[in-house]
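This report examines the salt bridges of one protein model. Please view the sequence and the structure before reading on.

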Amino acid sequence: MRIGIIHNSLNSTGGGERLCLKMIEALKDSGYEVILGTTEPTNWDKVEKTMGMTVRPDRELSLLKAKMRIFGIYMRLLTTFLALKMRRECDIVVNTHGDILLADSDIIYMHYPTFAILRETPANTKYSSSLIWRIYFTPYEKIQNILVRRYLDGIILTNSTFSRDAIKRYTGRDAIVVYPPVEIEAFSFAAKSDERENIIVSCGRYTPEKNYEFILEVAEKLRDEPIRFVVVGASSGKISERYYMRLEKIRKAKRLENIEFLRDVDFSKLIALYSKSKIYLHAMRNEHFGISVVEAMAAGLVPVIHRSGGPWQDILRMRQGVHGFSYTTASEAAEIIRELIVDERKRRRIVANNMGYLEVFSEEEFKRRISDIVERVYDYIP
């Protein structure tokens with residue numbers, strides 16, 4: 001059986017791109033022929049170096065010969081032409097970038113409804129950061145709102161119950177939760193370390209929605225404690241650079257010596273940092289899922305997350321003190337951290353609870369779920 005996978009571009013090497021690659025891997029492992037459709041050719045050397053993944057499709061179709069550096073989000077609509085072509089060549093068509101096209105897909109992995117981002121997420125996303133970005137995004141938002149009523153067909157997959165609830169509110173359709181695959185084994189190497197220091201880690205891209213100003217606020221409240229905060233972030237582009245510089249400016253203005261911001265740390269150094277840290281502080285509100293939270297848990301860190309979104313509903317399962325802790329204010333977060341540093345038995349108990357529990361988020365579970373769903377779709381094809 002031949003399966004077509006549509007993804008706007010893999011060259012941004014983010015979480016959605018990682019999921020697309022794992023989808024390709026899962027389908028190839030199941031014996032299917034996989035054709036990837038992108039708007040621009042994939043820079044496979046970059047993808048493999050950045051993401052540490054060597055899986056490739058059996059064939060790749062690209063609409064353009066080079067990268068379009070303008071109207072990036074609107075380029076996603078061009079994948080409609082790929083969907084139409086794949087409808088003729090493939091048995092099943094899968095859309096992994098998740099935006100609605102002017103053509104049906106058999107399976108769509110909708111990370112979150114694009115047209116609901118600014119309505120549902122109070123975080124400072126790029127598209128709400130300025131009037132220019134808002135004007136740029138508004139037409140696409142309206143287009144997606146129209147297309148969802150006409151072209152959203154097939155099976156919808158999503159990354160969390162939080163996202164599933166949003167999809168239901170805005171489309172009237174039910175979605176199946178298939179958690180993004182997390183490299184549990186790769187991070188569990190760090191969990192074996194017993195040499196832990198009072199280090200609090202946060203990890204993610206340097207973008208405004210990550211809300212790292214909150215980390216600074218917590219660090220300020222604990223500036224007199226023997227605790228160190230480390231923020232590790234990927235940095236690329238002007239937005240990332242400006243945000244990083246803003247954080248450094250705040251840190252210097254407040255004279256905070258207990259926090260540092262690291263950029264573009266390679267994987268081996270990240271594992272080394274995790275292996276000597278105790279707590280993972282997640283600052284983003286209404287995160288759709290939170291892969292970095294699961295990675296940190298696998299590495300033996302206790303998560304402290306905002307009481308919202310996928311990290312609270314799906315990862316901690318809305319249970320305080322079983323797999324981690326949640327907060328609503330900086331003062332509450334600071335107090336939780338203080339207690340975990342003092343009470344070593346409590347910290348170790350949470351870590352022990354998480355070791356077997358995390359398999360539900362593993363790559364193996366993702367591959368099993370995808371294989372089952374594809375077989376179900378194929379059985380219904382006339």
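A residue is called buried when its relative accessible area is under 20%, exposed when this area is over 50%, and partly exposed in between, with a 1.4 Å probe and protein chains only. The model is predicted, so local features need pLDDT of at least 70 and side-chain atom pairs count only at pLDDT 80 or more, while totals for chains, interfaces and linings use all residues. Residues are numbered from 1 along each chain as its sequence is written, and side-chain values use heavy atoms, with hydrogens and water left out.

A salt bridge is defined as a side-chain nitrogen of Lys or Arg within 4 Å of a carboxyl oxygen of Asp or Glu. Across the whole structure, a search finds 30 salt bridges.

| Pair | N to O distance |
|---|---|
| Glu89 and Lys85 | 2.9 Å |
| Asp194 and Arg348 | 3.9 Å |
| Arg368 and Glu365 | 2.7 Å |

**Pairs within one helix**

Helices (H or I, at least four residues) and strands (E, at least two) are DSSP runs, numbered from the N terminus. Glu89 and Lys85 both belong to helix α3 (residues 79-89), where they stand four residues apart, about one turn of the helix. Lys85 is partly exposed, as its relative accessible area is 30%. Glu89 is also partly exposed, at 26% relative accessibility.

Arg368 and Glu365 share helix α15 (residues 363-380) and are three residues apart, again about one turn of the helix. Arg368 has a relative accessible area of 43% and is therefore partly exposed. Glu365, with 24%, is partly exposed as well.

**A pair across the sequence**

How far apart in sequence are the parts that Asp194 and Arg348 tie together? The salt bridge between Asp194 and Arg348 has its closest N and O atoms 3.9 Å apart. Asp194 lies in the loop between α7 (184-191) and β8 (199-203), and Arg348 lies in helix α14 (residues 344-357), so the pair ties together parts that are 154 residues apart in sequence. Asp194 is exposed, with a relative accessible area of 55%, whereas Arg348 is partly exposed at 42%.

**A network**

Salt bridges also link Arg18, Lys22, Glu25, Asp29, Glu183, Glu363 and Lys367 in a network. Lys22, one of these residues, is part of helix α1 (residues 15-29). Is Lys22 buried or exposed? Lys22 counts as buried because its relative accessibility is 7%. A contact means heavy atoms within 4.5 Å. Not counting residues up to four places away in sequence, Lys22 touches Met53, Pro181, Glu363 and Phe366.
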